[in-house]
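Let's walk through this structure together, one region at a time. Keep the 3D view open and turn it as you read.

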Amino acid sequence: MKVACIQFTASETIQDNLDMLDAMIREAAAQGAEFIATPENSDFMLFPQEEKLKLAYEEDSHPALPRFKALAKELGVWLLIGSLAIKGGDKLYNRSYLISDAGEIVQHYDKIHLFDVDLAGGESYRESNTVRAGEHAVLAETSWGSVGMSICYDVRFAHLYRHLAQSGADILTVPAAFTVPTGQAHWEVLLRARAIETGCFVMAPAQVGTHSGNRKTYGHAMIISPWGEILAKAGDQPTIITADIDLSDVKKARSAIPALQHDRSFR
């Protein structure tokens, strides 16, 4: 099957971002992609986060969901909407959605690990000030395999991905809005490590460029094989990357190195 990851620069205007993603999803489908993934914060990027909280929608009224459900059905593709800001009381959920080719929401995942970090260059992030952390790992069943869902900062917590792989995941999705300093240092090695240690394909769509509040994201979206090979990689501009994948490669990688069967308890 052919899969695609979208890389774009989200603005603070939801409608503009939805229009951009609509066009890019259509282009990916025209290239033959059957499973298309968009980045974290696909609806909008806005800093400070408190302003984002004011403008966010509750799930039932979010304009992205009916639009993407209709688009998936029209094009006959599966969509992974990397994440939307979903208002829930006094905070947001950073929520990823998997939509089937029939236009139905199959599963959603709320980001578990929140980005509360002070970087050496002076950048400071406190995602937990406005976002409520998820509590459950999520595995979604599709017509062609199982998808383990995650978001951005989750990629640093290897036990989450091991759990997803041992629960049956064939593909791991890591939609992101990585900072430039951490992206340059860690993005590729973390994604390849998650693929290698689980024997899963990894799809990592990404935000890229300069957003409101002069926040910058790294880009370099990737699709990685279960053996850790980079099958497709973006640069630092908006783009679509695609790769042809064979899910039998998951079984081959795990047979060659059966590490998922070798866990031991220790103190």
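In this predicted model, strand 1 (residues 2–8) and strand 12 (residues 206–210) run parallel, joined by 2 bridges. To find the pairing by eye, look for F8, whose bridge partner in strand 12 is Q207. Strand 12 also pairs with strand 13 (residues 216–218), here in the antiparallel sense and over 3 bridges. Along that pairing, V208 has Y218 of strand 13 as its bridge partner. The hairpin of strand 12 and strand 13 has 5 residues between the strands, and G213 takes a positive phi there, near 75°.

Strand 13 also leads us to the next stop, the largest pocket, because it is one of the elements that give two or more residues to the lining. The volume of this pocket is about 540 Å³. Its lining counts 34 residues, and those closest to the centre are F47, Q49, F115, Y125 and E127. Besides strand 13, the elements that contribute two or more residues are helix 2 (49–55), strand 3 (78–88), strand 4 (91–99) and strand 7 (124–126). Sorted by class, the lining holds 17 nonpolar, 8 polar and 9 charged residues.

Now for the charged pairs. Side chains of opposite charge can pair when their charged atoms come close. One of its partners is E59, with the closest N and O atoms 3.0 Å apart. E59 sits in the loop between helix 2 and helix 3 (64–75) while R95 belongs to strand 4, so this pair ties together parts that are 36 residues apart in sequence. E59 counts as partly exposed because its relative accessibility is 30%, whereas R95, at 10%, counts as buried.

R95 also forms a salt bridge with D110, and here the closest N and O atoms are 2.5 Å apart. D110 lies in strand 5 (residues 105–110) and R95 in strand 4, so the link spans parts 15 residues apart in sequence. Both R95 and D110 are buried.

D249 is partly exposed because its relative accessibility is 27%, and K252 is exposed, with a relative accessible area of 54%. Elsewhere, salt bridges that share partners join D19, D22, R26, R67 and E74 into one network.

Note on methods
Residues are numbered from 1 along each chain as its sequence is written. This is a predicted model: local features need pLDDT of at least 70, side-chain atom pairs count only at pLDDT 80 or more; totals for chains, interfaces and linings use all residues. Side-chain values use heavy atoms; hydrogens and water are left out. Two strands pair if DSSP finds at least two bridges between them. Helices (H or I, at least four residues) and strands (E, at least two) are DSSP runs, numbered from the N terminus. On a 1 Å grid over the protein atoms alone, a cavity is a set of points where a 1.4 Å probe fits but cannot get out, and a pocket is an open set with protein on both sides within 12 Å along at least five of seven lines; lining residues have an atom within 4 Å of a point. Grid points are joined across faces, edges and corners, and a volume is the space filled by probe spheres set on the points. Ala, Val, Leu, Ile, Met, Phe, Trp, Tyr, Cys and Pro count as nonpolar, Asp, Glu, Lys and Arg as charged, and the others, Gly among them, as polar. A salt bridge is a side-chain nitrogen of Lys or Arg within 4 Å of a carboxyl oxygen of Asp or Glu. Buried means under 20% relative accessible area, exposed over 50%, partly exposed in between (1.4 Å probe, protein chains only).
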